[in-house]
Amino acid sequence: MRINDQAGLSTVSFGKSSRRTLGLLSCVTALLLGACSGEDPDPGGTAGAGGGGTQGAGGASGTPSSVASGGDASTSNSNSTAATASSSTGDAAGSGGSSGAGGAHSTDHCLVGFDPHPSDATMSDGAAEFSKNGQIDLTVQPEVIAWMEQNEWQAAHFEWHSIRRCGGGGFGGGMSRVDICNSAVPVPSDQECKTTGDGFQFLAMHRHMIQSLKQLWPKHSEQFEGFKKFPTTAEELPQQWRADFRPWSATTLANAKIADEIDKPENLSRFPDEGAFGMWLQCFAGQAIPGASVSASGLHGDLHFKWVRSNNADHGLGNQFTNIDNYMFWKLHGWIDNVWEKYRVAKGMSPTDQKLKDAVAAQCYEMDAIAQVINPELKPDPVDPLPTESGAFHTTVRPILESDVNKCSGCHGAQSTGPQAGLSLGGDVSSADIVAGLVNQASKSGGQFRLVVPGNPDQSWLYLKAAGTAANAGCRPSGGASCLTGVMPQSADGKPTLTSTELATLRKWIQDGAPAPTER
């Protein structure tokens, strides 16, 4: 498909996206602080922490109070405050995903992803040609660019990098178009190319973008796929770029070989964690990397500036304000994502690890907080209010499950895609819906047991798990339900996290018949 400069690429219009406010950030923050472990030995548990959630997608607004980091690096922001996260269910994108068990009032695409965009059925395959001043550049299809413009992705991507250049000597603050360093969005303590935490965030943010676009246009995911290997010959490039191919330097080729063969022990051992690997890929050559046995490669910059059109920069890779429009942007960042995943696999990590999911979701929240600073018209819409309720569960049991100590709702929150074990224990869901999902419902990890049997706490898997007595309850795998008997929420010593008073409160509610709350 050919597009000339006079026609432009933004003539496809879908209308401004709408947003729904969610009180999810506390849950996400709890996850980032370790309430849900990716190494949970009992991921199907019925209370407290565990694996779960989904990979991030793009577009909630709000001001995150922390951003996940890689390796052992920490990125909590000293100037941040608690804020509200929201989901963008844009008219162009669709609402995206299911809201999980328990009757949640809205979805959060940073956790559940996007539904396919309506144009997925009709959009052209491959790259679009953009011609100007006698030069041809390649972009993604105009429908994709239009969606990104509506959701301020081009500007948010630029400002995401800018807010990581706010420290001493950085040039981002001066280049920002919205004074991002002094905005409502917290400035990350991990500044660009200063820490391995920044390297991890660099990887996670671009994965968030890639995943989101593949969700929106699943029939055209090729547009967002990376090079299978670092391109060293003209034949590995799109036809429009082959005549302009020039050989890489010996240093770049050597670094590219390390990246492509990162799963080899001698290469893997160079990087103590994925944050160090991300910093090496992203940053300028010669940059010292904490804990790594090599200096930064600058492969990211090498790839960006390899495909710069000197007389056609409107959507060019060298144009920091719009470079995500460029087809080659996704080829190079897709390649970076591919070698990152190869590193993770070689290290024994999984694409479904909770730490990774939380990190990608955190970048989604941050990018959309930035988008709202750029365009305040992207105000979130209110969520339907939850009912006012009373009763023993609502006033005495639910606060235990949602406490900052037990954090059960951090993994079993209604807005997670399929809350862990299909079980909602808090979040944006009514107490009546929580109880309905517990009483006489089969447990996915408790064999023949039901989650809550009214009048009988010793036959109620929720209580047995919380009390630490599930291992001796005689669980038998049954009807596809396993027997995962570890105490939940998890604890270092395997003992119950709930206090004796809290356990007594939960037990009494069940003994009294597990009555449902009433609306006031």
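## Burial and overall fold

Of the 520 residues in the protein chain, 56% are buried (under 20% relative accessible area with a 1.4 Å probe, protein chains only). This is a predicted model, where local features need pLDDT of at least 70 and side-chain atom pairs count only at pLDDT 80 or more, while totals for chains, interfaces and linings use all residues. Residues are numbered from 1 along each chain as its sequence is written, and side-chain values use heavy atoms, with hydrogens and water left out.

The chain has 18 helices and eight strands, taken as DSSP runs (H or I of at least four residues for helices, E of at least two for strands) and numbered from the N terminus. Take the contacts (heavy atoms within 4.5 Å) with a separation of 6 or more: 70% of them join residues 24 or more positions apart.

## The largest pocket

The largest pocket holds about 460 Å³ of space. Its lining has 24 residues, and R165, F284, H300, F305 and Q320 are the closest to the centre. On a 1 Å grid over the protein atoms alone, a pocket is an open set of points where a 1.4 Å probe fits, with protein on both sides within 12 Å along at least five of seven lines; lining residues have an atom within 4 Å of a point. The volume is the space filled by probe spheres set on those points, which are joined across faces, edges and corners.

Helix α11 gives the most to this lining, with five residues. Helices α4 (153-162), α11 (299-306) and α12 (327-346) each supply at least two.

## A look at H161

H161 sits in helix α4 and is buried, at 9% relative accessible area. Beyond its neighbours within four places in sequence, H161 touches E192, F202, M205, H206 and Q282.

Definitions and conventions: Buried means under 20% relative accessible area, exposed over 50%, partly exposed in between (1.4 Å probe, protein chains only).
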